[in-house]
Amino acid sequence: MTGCQDDDSFSTNVSNILSFSADTVKLDTVFSAVPTTTRTFWVHNESGDGIRCTNIRLERGNQSGFRVNVDGVYLGSESGYQASEVEIRKGDSIRVFVELTSPVNGRNKPWLVEDNLLFLLESGVTQKVNLNAYSWDAIKYRNLHITNDTTLTGDRPIIVYGKLTVEEHATLTLAAGTTLYFHDGGGIDVYGRLCSQGEAGKEVILRGDRLDWMFDYLPYDLMSGLWDGIHFYETSYDNVMEFTDLHSSFNGIVCDSADVEKQKLTLKNMTVHNCQGKGLSTVNCKVTAENCQFTNTLYECVDILGGDVTMNHCTLAQFYPFDSNRRPALNYYSTTTMPLLRMDCINSIVTGYPEDVVMGATENENIPFNYRFISSILRTPAVEDAEHIIDVIFENVEDTASVQGDKHFKLVDINTQHYDFHLDSLSPAVNKGNKDYPVSNDRDGKARDDQPDMGCFEESKPET
């Protein structure tokens with residue numbers, strides 16, 4: 001009986017006030033007319049008496065687009081966008097939930113949307129928590145089919161729901177500075193032609209549409225598998241992707257079997273990073289990659305089945321952070337029906353955490369299995385093979401300085417998922433490129449010097 005007694009008193013003393021776990025709730029940048037995820041905060045009563053809130057309301061009512069639930073009471077139209085007579089006993093707390101669907105603002109840039117959640121205490125004291133976000137108008141496409149030559153520009157962000165399909169005989173051009181945000185399950189299916197025309201400083205960006213954070217230190221944009229990536233089908237040829245950043249997808253780029261005599265895909269100054277599947281997968285087709293970064297994939301960073309593939313000044317680095325069963329950085333193989341006519345890896349870095357990140361195999365010794373590694377760094381046991389291995393540096397995994405395979409780069413932080421694959425000045429890749437296979441600029445568009453570096457980035461060297 002005594003356990004059920006209610007002997008709390010409710011104070012009207014102006015010195016008895018509430019405390020909040022956050023005085024500002026920030027929803028960061030959001031898309032207009034797209035509901036956000038839910039944020040929460042706590043309201044604590046740490047005074048010696050109970051506190052009664054005669055009214056809790058949004059200052060702007062229903063004008064800002066915020067939705068609030070206070071201790072199980074939704075501040076909607078039926079309640080007049082307020083809660084009344086909310087009691088918080090001494091030493092107790094209530095939880096508040098906040099969401100936002102911001103109105104379309106008609107502007108090309110993000111703009112600030114804010115409101116205040118007001119707590120009017122029985123003492124007459126008013127306390128507030130600020131709610132804010134930057135709202136950004138976006139163009140939205142759902143299962144868009146490109147049937148004629150079309151250009152998408154970067155005036156506003158573009159959200160893609162479902163598949164963006166480029167039909168046969170049509171060309172989709174992505175102009176410099178364009179960003180496509182793909183919802184879960186979204187991607188690009190190419191039966192015709194894709195031309196991604198980024199420029200240095202104005203890259204095309206292909207990413208997931210989650211702008212919020214999984215944890216305080218981890219935005220969703222650093223997670224993998226947020227969208228489906230790009231699939232080039234059998235009928236697709238002459239695709240070009242330049243200065244393009246593709247990240248956080250399942251597979252990055254998949255190229256189906258095609259006529260090996262015709263160019264399937266040309267990649268220049270391209271990044272494919274943080275994929276839950278493969279980074280670049282080519283099946284019996286002709287692909288060229290220059291100044292490209294293929295990094296951090298659960299499966300192979302680059303997977304080559306037959307065909308004709310050339311990589312020059314590329315960085316393949318396998319530091320996928322979300323699964324220790326990550327596969328090699330490079331896998332190339334030949335079958336009876338899909339012979340490897342050429343796989344040239346030139347002026348490149350192929351490294352990662354495991355002791356061996358380079359795998360090659362042929363189904364039959366009597367079929368073509370043509371590969372060459374020229375002036376590259378490989379993290380794989382050393383072999384003597386003058387025909388296929390030319391001026392190669394093999395990483396010595398027994399050397400404690402190279403055990404992790406990350407000594408080449410500015411930053412590899414598996415704990416926070418932050419990576420910078422620009423070369424460290426102490427990397428043995430510096431000044432070891434082969435000038436007989438010239439690529440004039442690096443991944444950033446910076447001119448290479450007379451003694452180029454391996455990998456896609458040219459290390460900044462002091463002037464002499």
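In the predicted model, I253 is in contact with I230, F232, M241, L246, L265, L267, M270, V272, G279, L280 and S281, leaving aside residues up to four places away in sequence. I253 also belongs to the largest nonpolar core, which has 62 residues. Within this core, I253, F294, M311, L330 and F373 touch the most other members. Strand 26, spanning residues 263-275, supplies the largest share of the core, with 5 residues.

The cavity search returned 1 cavity of 30 Å³ or more. The volume of the largest cavity is about 40 Å³. Its lining consists of L222, H273, N274, N296, P321, F322, Q417 and Y419. Classified by residue type, this lining contains 4 nonpolar and 4 polar residues, and no charged residues.

A further site examined is S64, in the loop that runs between strand 4 (51-58) and strand 5 (66-70). S64 counts as buried because its relative accessibility is 1%, with burial defined as under 20%. When residues up to four places away in sequence are not counted, S64 touches L100, S102, P103, V113, E114 and D115. With D115, one of these residues, S64 forms a side-chain to side-chain polar contact of 2.9 Å.

Methods: Residues are numbered from 1 along each chain as its sequence is written. This is a predicted model: local features need pLDDT of at least 70, side-chain atom pairs count only at pLDDT 80 or more; totals for chains, interfaces and linings use all residues. Side-chain values use heavy atoms; hydrogens and water are left out. On a 1 Å grid over the protein atoms alone, a cavity is a set of points where a 1.4 Å probe fits but cannot get out, and a pocket is an open set with protein on both sides within 12 Å along at least five of seven lines; lining residues have an atom within 4 Å of a point. Grid points are joined across faces, edges and corners, and a volume is the space filled by probe spheres set on the points. Ala, Val, Leu, Ile, Met, Phe, Trp, Tyr, Cys and Pro count as nonpolar, Asp, Glu, Lys and Arg as charged, and the others, Gly among them, as polar. Helices (H or I, at least four residues) and strands (E, at least two) are DSSP runs, numbered from the N terminus. Buried means under 20% relative accessible area, exposed over 50%, partly exposed in between (1.4 Å probe, protein chains only). A polar contact is a pair of N or O atoms within 3.5 Å; within protein, one must be able to donate a hydrogen and the other to accept it, and residues adjacent in sequence count only if both atoms are side-chain atoms. Contact means heavy atoms within 4.5 Å. A nonpolar core is a set of buried Ala, Val, Leu, Ile, Met, Phe, Trp, Tyr and Cys residues joined through side-chain atoms within 4.5 Å.
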